[in-house]
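Here are my notes on this model. Please read them alongside the coordinates.

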Amino acid sequence: MRDPLRSLKFLPWRSLLQVALLVAVIVIVLDFLLALGYIQSNVFQRLLMLVYAPPLGIIISLAISLGIGALGVYLLERYYRLVSINTGSLWALVLCLAVILFLKSLLPLPAVLFNLNQATLIGIIIGVFWKGRPYWR
């Protein structure tokens with residue numbers, strides 16, 4: 001009988017975790033810059049409050065999570081060309097992004113841009129598979 005978990009051993013976990021860490025660092029830096037702008041500028045504060053108002057805020061949150069997923073695939077394509085990207089490695093990238101971004105949410109850092117919840121996790125999955133469409137096999 002074939003072991004379905006055997007293929008997990010052969011995924012490029014180190015590269016995927018490095019990509020997820022790089023995406024988390026980018027999100028942390030952008031969060032910090034947005035929080036700093038929110039604190040320092042009244043105009044920027046009003047702009048963020050307008051953008052994150054209920055009707056538009058949901059769309060913005062979904063777009064940010066889609067962008068995070070697509071950014072993960074883009075960084076994987078760009079900097080890890082030797083990694084074989086397929087459906088399994090895309091799912092592993094989703095797992096790595098979810099774990100790293102969950103660990104980021106445990107840190108006492110500002111979260112203006114991104115909060116991890118079920119909707120953003122679905123957005124990350126859609127972003128990863130939207131950008132990784134050529135690699136579905």
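**Notes on the helices and their contacts**

1. Start with α5. This helix has 14 residues and spans 20 Å from its first C-alpha to its last, close to the 20 Å expected at 1.5 Å a residue. The expected span is 1.5 Å times one less than the number of residues. Helices (H or I, at least four residues) and strands (E, at least two) are DSSP runs, numbered from the N terminus.

2. Basis of the values. This is a predicted model: local features need pLDDT of at least 70, side-chain atom pairs count only at pLDDT 80 or more, and totals for chains, interfaces and linings use all residues. Residues are numbered from 1 along each chain as its sequence is written, and side-chain values use heavy atoms, with hydrogens and water left out.

3. Overall layout. The protein has 5 helices and 0 strands. From the N terminus, its elements run α-α-α-α-α. The C-alpha atoms fill a box of roughly 60 × 25 × 25 Å along the principal axes. Of the contacts in the protein with a separation of 6 or more, 78% join residues 24 or more positions apart. Contact means heavy atoms within 4.5 Å.

4. Surface and burial. The protein exposes about 9,000 Å², and carbon and sulfur atoms supply 71% of that area. Areas come from the Shrake-Rupley method with a 1.4 Å probe; for residues, only the protein chains shown count as cover. Buried residues make up 33% of the 137 residues. Buried means under 20% relative accessible area, exposed over 50%, and partly exposed in between (1.4 Å probe, protein chains only).

5. Back to α5. Its buried residues are Thr120, Gly123, Ile124, Gly127, Val128 and Phe129. Their cover includes α3 and α4. Asn117 caps the N-terminal end of α5, with a side-chain oxygen 3.2 Å from the backbone nitrogen of Ala119. For such polar contacts, the pair is N or O atoms within 3.5 Å; within protein, one must be able to donate a hydrogen and the other to accept it, and residues adjacent in sequence count only if both atoms are side-chain atoms.

6. Helix α4. This helix covers residues 87-106, 20 residues in total, and reaches 29 Å between its first and last C-alpha, close to the 28 Å expected at 1.5 Å a residue. Its buried residues include Ser89, Leu93, Cys96, Ile100 and Lys104. The buried residues of α4 pack against α1 (13-40), α3 (54-79) and α5 (118-131). At the start of α4, a side-chain oxygen of Asn86 comes to within 3.2 Å of the backbone nitrogen of Gly88.

7. Which residues does Lys104 touch? Leaving out residues up to four places away in sequence, Lys104 touches Val27, Ile28, Asp31, Pro110 and Phe114. Lys104 counts as buried because its relative accessibility is 6%.

8. Salt bridges. The whole structure holds 2 (a side-chain nitrogen of Lys or Arg within 4 Å of a carboxyl oxygen of Asp or Glu). Asp31 pairs with Lys104, with the closest N and O atoms 3.4 Å apart. Asp31 lies in helix α1 and Lys104 in helix α4, so the pair ties together parts 73 residues apart in sequence. Both Asp31 and Lys104 are buried.

9. The other bridge. Glu77 forms a salt bridge with Lys131, the closest N and O atoms being 3.7 Å apart. Glu77 is in helix α3 and Lys131 in helix α5, so this pair ties together parts 54 residues apart in sequence. Glu77 is partly exposed at 22% relative accessible area. Lys131 is partly exposed at 28%.

10. Aromatics. A whole-structure search finds 1 aromatic pair. The ring centres of Trp91 and Phe129 are 4.8 Å apart and the planes are at 55°, so the pair is tilted. It links distant parts of the chain: Trp91 in helix α4 and Phe129 in helix α5, 38 residues apart. Rings of Phe, Tyr and Trp (its six-membered ring) pair if their centres lie within 6.5 Å; planes under 30 degrees apart count as stacked, over 60 as edge-to-face and the rest as tilted. Trp91 is partly exposed at 44% relative accessibility, whereas Phe129 is buried at 11%.
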